[in-house]
Amino acid sequence: MKGTREMAEIQIKNVAKKFGAYQALHDINLTIADQEFMVLLGASGCGKTTLLMSLAGLYVPDEGQVLFQGKAVDGPPEGLSVVFQDYSRSLLPWKRNIANVLFAMRRLKATKEEKRAIAMEMLEAVGLKGFEDRYPWELSGGMQQRVAIARALATRSKLLLLDEPLAAVDAQTRADMQDLLLRLAKQFNKTCILVTHDVEEAVYMADRIVVLSNRPTQVVEEIEVPLAKPRDHLTTREDPEFLRIRHEVIERIRSFKRS
């Protein structure tokens, strides 16, 4: 069962970030619950990735702090993995798929045999059983992104940060991958934060949508998505509640653009 807000996995407190004179983030406050699937939604270039990288400990806020499982984040913490948009750069092309997954597990306390068993289990979970000895460049784009997801799962991380991981795949693959991520999040009890600028993707995947402003990035609104799970691309997207939430999100984005 998805955790409550009191069971916080991530807390973002008054976070601000500058790059020189450029103000990227301003006074961000959010709490992400254990096993929640939260979506950060905003226009391209609004600072979504900057916020995500601050959560990952790759950027240090100039003001405020990020807490992961109650501890201040001042560098990449254990128990957190990132799936990037550009899978072709995140995978090592000279290593086979199984080796790519094992590479991410080098800090995991387990024997070689145990690590290999976990890696094989995760590749099977993402539908790549039988492709473990192929190289990434031998796979389609969607399959490469599945390797990247398997690698993130294999680290046994509790929190997955997903930086527009489906932006570079075709529409049908994107729909299939949305379902895959939702299924895996539930199967492995993950807390997920997804960055996207696609409103329909946000409504389809989220437990809660956080609408972000243009630069400097601030939280405009938090919108709950009480759609039943598991979700389906035919029935869920035709659900009147889906259409109502989609309308609400679009109206909110338009309203702050006009203001």
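**Note on the predicted model**

1. Glu241 sits in helix α9, residues 240-258. Helices here are DSSP runs of H or I with at least four residues, strands are runs of E with at least two, and both are numbered from the N terminus. This is a predicted model, in which local features need pLDDT of at least 70, side-chain atom pairs count only at pLDDT 80 or more, and totals for chains, interfaces and linings use all residues. Residues are numbered from 1 along each chain as its sequence is written, and side-chain values use heavy atoms, with hydrogens and water left out.

2. Apart from neighbours within four places in sequence, Glu241 is in contact with Pro226 and Leu227, contact meaning heavy atoms within 4.5 Å.

3. The side chain of Glu241 also makes a polar contact of 2.8 Å with that of Arg244. Such a contact is a pair of N or O atoms within 3.5 Å; within protein, one must be able to donate a hydrogen and the other to accept it, and residues adjacent in sequence count only if both atoms are side-chain atoms. An α-helix has 3.6 residues a turn, so residues three or four places apart point the same way.

4. The structure holds three aromatic pairs. One of them is Phe19 with Tyr22, stacked at 6.3 Å centre to centre and 20° between the planes. Rings of Phe, Tyr and Trp (its six-membered ring) pair if their centres lie within 6.5 Å, with planes under 30 degrees apart counted as stacked, over 60 as edge-to-face and the rest as tilted. Phe19 is partly exposed at 35% relative accessibility, and Tyr22 is partly exposed at 35%.

5. Phe19 also pairs edge-to-face with Tyr59, at 5.3 Å centre to centre and 75° between the planes. This pair links distant parts of the chain, 40 residues apart: Phe19 is in strand β1 (residues 8-19) and Tyr59 in the loop between α1 (48-55) and β4 (63-68). Tyr59 is partly exposed at 31% relative accessibility. Phe19, Tyr22 and Tyr59 form one aromatic cluster.

6. Two charges lie over rings. Lys17 is over the face of Phe19, 5.4 Å from the ring centre, and the charged end of Arg237 is over the ring of Tyr204, 4.9 Å from its centre. The criterion is NZ of Lys or CZ of Arg within 6 Å of the ring centre and within 35 degrees of the ring normal.

7. Helix α1 is largely enclosed by the rest of the structure, because seven of its eight residues are buried. These are Lys48, Thr50, Leu51, Leu52, Met53, Ser54 and Leu55. Gly57, which follows α1, has a positive phi, near 80°.

8. What lines the largest cavity? Its lining consists of Phe37, Ile149, Leu153, Leu160, Leu162, Leu181, Leu184, Ala185 and Cys192. The elements giving two or more residues to this lining are α5 (141-154), β7 (159-163) and α6 (171-187), and α6 gives the most, with three residues.

Technical notes
Buried < 20%, exposed > 50% of the residue type's maximum accessible area, 1.4 Å probe, protein only. 1 Å grid on protein atoms, 1.4 Å probe; cavity = no way out; pocket = protein on both sides within 12 Å on 5 of 7 lines; lining within 4 Å.
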